[in-house]
Amino acid sequence: MRFLLIEDNEKLAAAIVERLGLDGHVVDHAPDLETAADCLAGTGYELILLDIMLPDGDGRSFLEWHRTCDNDTPVIVLTARSEVSDRVRMLDLGADDYITKPFDFSELEARCRAVLRRRQGAARNQKTYEDVVFDPLAGTVAVAGSVFELRNRELRLLEVFFSAPDMIFSKSHLVDRLFSYDEEVSENAIEVYVGRVRKKLQGGRVRIETVRGVGYRMTAT
Amino acid sequence: MTVVHARGSLRRRLLLQLLLVAAILSFALYFTVRVLAQQAAETTQDNILIASATAISEAARAERGQILVDVPYSALSMLGSIAEERVFYRVTANDLTVTGYDDLPAPARAAETGKPVFATAIYRDDEVRIAALPRRLTVGDETVILTVLVAQTRLGLAAVSLQISIAAAAAGIGFFLLSGALSWFATNNAMRPLNRLAKSVERRGPQDLSPVATSAPTELVPLLQSLNTFMARLSASLARTEDFIAEAAHHVRTPLATVRTQSEIALRSVRKPENKQILREVIRAADESSRSAGQLLDHAMVALRSDNLEKEQLNMKDLAQDVIRSISPTADLKDIRITCSGSDTTSAVEGDPILLQNALRNLLDNAVKYSPEDSRIKVEISEGASTVRIDVLDEGRGLGDGDRSHLTERFGRGDNVRDIIGSGLGLTIVEEVVSAHGGSLALTDNPERRGTCASLTLPSA
């Protein structure tokens, strides 16, 4: 999916672009409101991530303008301001959600997913590999016609595998994607979740393969 | 807050003063009418006495050295017209009685001038008014002073003056009553703008800082102007404080966000476990300080808004569902399900939505933070007789066995949660919000299974 990130802090922006890119999203970065307006004029976006304090104006006025233009692209506001009064004001102005800096990337991903699910339904973002249909927004995987609900970490694991089928991911990479930094987990914890996903994929033509000493990959049998 | 005691009432003071003035004026009216009427009655009597004396005097003549006085009937009958009065007369020539009652006292200066003189005296046990009219009369070749004295009792006059007094008193009382009524209306009328102003100030809540009135009687203008200036300054100062708090949060959190982001990127690229550990600690410290800074500023904001509550009618179930929706992505990360149950009735509470959302958010944040993966958080809303209760039940590690009273104190934290980031301000904020709304916060064990039950009780609207 295509996201627009409006954020003037270059380092934070680069990190967000990289992180969301891992999920297969294309993120255009606009450092100010003018660039953002140009981007919006040129392409359609599924989601806008909007910082509030920008060099050439206030994100809140952008939000108002965005809503009066009848543009219903969902917006998640990124802000470092105090939560008590701002949060409600943002939602009143038409923001779909709100996340306070600094944030955990897993939380940002989760909020993006929740907003997208709420706003556009699940139909548009299914990924198919062989006879497996993975729907990250609905949180389901369909294997040879039967649908399974996915737990959060199973979903994130499949997101990683579906972003590059047949590619080998190291255990430490998977740990980084599945757990937030403050959960101290050994790399073996990954085996539990891989085991659960394997169970759900049983009966289809897709399996998760252990590459000894390196990691895992999703491949077709 | 300073309580203002009422001392005296402007309305009563004004009314009393007007009534006092009315009373003085009524008395003055009474006396004036009485004196004038009495004078008029006396003048009338004097005029009749003079007319009578003149008639007698004119009837006197000198004949062969004798003074003859034929008292004409009319002279006495004109006096007799006043009922029940007794009439006396005496004619003297050079102080010697010619005819009449010779003991009728002559006024001291029965002058020789030909001008009448009047006197009031007691004669035969009654008060009488005496008129003396001197006249020169030539008797033979000498001139004598002929004085005609006519006297009349004043019984009738006393009766008339009593009547007049009664009438004057009635007029005075009537005047007093009328002006009393008018004073009452005038006072009410004069007080109306003041009452209106007092009511409009009273009706507005303490958080309404808009100008009081745009027009007022001249006397109230300086007061209103000062009040409005004060309100404007107060609201500007409150707005500045709110802005400052929001900005301060921004300035603290933005660099922390950069630190956190960079560390997280670095965490993915380093291989050595000890380096990873260092970066984890950096991130943890950044999180801790950003959380503390955020909570401190939120706490300041809550304190500011609690003093100045913006109350509206709220449906607690809707409010709870809003908060649950906003927090569920974080809960999803740990596969925690949040359910909301409770009466479908309004569960109405009057309060500041921003503060109450924040309080509930803090409770749910805690619940998510301390719950294990794959667990359930229940939000239950129930209504008492005059309260609305919101229970947040989790299946987490519970409150621990230590002393629980310090949990809501500033920076107080449970003994069993040292490994989880927290500022120790969350529950303090919740408690402050709840008590500003006249409610209470209770922390107990989850009765169904291990975990905590946090209950907010708020007075229903």
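Start by selecting A144(A): it is partly exposed, because 14 other C-beta atoms lie within 10 Å (buried takes 20 or more such neighbours within 10 Å, exposed 12 or fewer, partly exposed anything in between, with C-beta atoms placed from the backbone). Its phi is positive, about 45 degrees, although A144(A) is not a glycine. You'll find A144(A) in the loop between β10 (140-143) and β11 (146-149) of chain A; helices (H or I, at least four residues) and strands (E, at least two) are DSSP runs numbered from the N terminus.

A word on what's on screen: this is a predicted model, where local features need pLDDT of at least 70 and side-chain atom pairs count only at pLDDT 80 or more, while totals for chains, interfaces and linings use all residues. Residues are numbered from 1 along each chain as its sequence is written, and chains are lettered from A and ligands numbered from 1 in the order in which they are written.

Next, hop to D125(B), another non-glycine with a positive phi, about 70 degrees. Look for D125(B) in the loop between β5 (117-123) and β6 (126-139) of chain B. D125(B) counts as exposed because it has 6 C-beta neighbours inside 10 Å.

Back in chain A, pick K101(A) and P102(A): the peptide bond from one to the other is cis, with omega near -10 degrees. P102(A) sits in the loop between β7 and α5 of chain A. Most peptide bonds are trans, and most residues other than glycine have a negative phi.

Now colour the sheet in chain B. It's open, with five strands in the order β9-β11-β12-β14-β13 and mixed pairing (two strands pair if DSSP finds at least two bridges between them). At the edges are β9 (337-342) and β13 (440-445) of chain B, each pairing on one side only. Zoom in on β11 (376-383) and β12 (387-393) of chain B, which pair antiparallel over six bridges. Here S382(B) stands opposite R389(B).

Then show helix α6 (316-333) of chain B, which lies across β9, β11 and β12 of chain B and runs at about 170 degrees to β9(B). Contact requires C-beta atoms, placed from the backbone, within 7 Å; axes are lines fitted to C-alpha atoms, for helices over the stretch in contact, with angles from 0 to 180 degrees between N-to-C directions.

Where does α6(B) kink? Go to I327(B), shortly before P329(B): the kink is about 45 degrees, taken between axes fitted to the seven residues ending there and the seven starting there. Buried residues of α6(B) include A320(B), V323(B) and P329(B). Finish at D335(B), which follows α6(B) and has a positive phi near 55 degrees.

Methods. Two residues are in contact if their C-beta atoms, placed from the backbone, lie within 7 Å.
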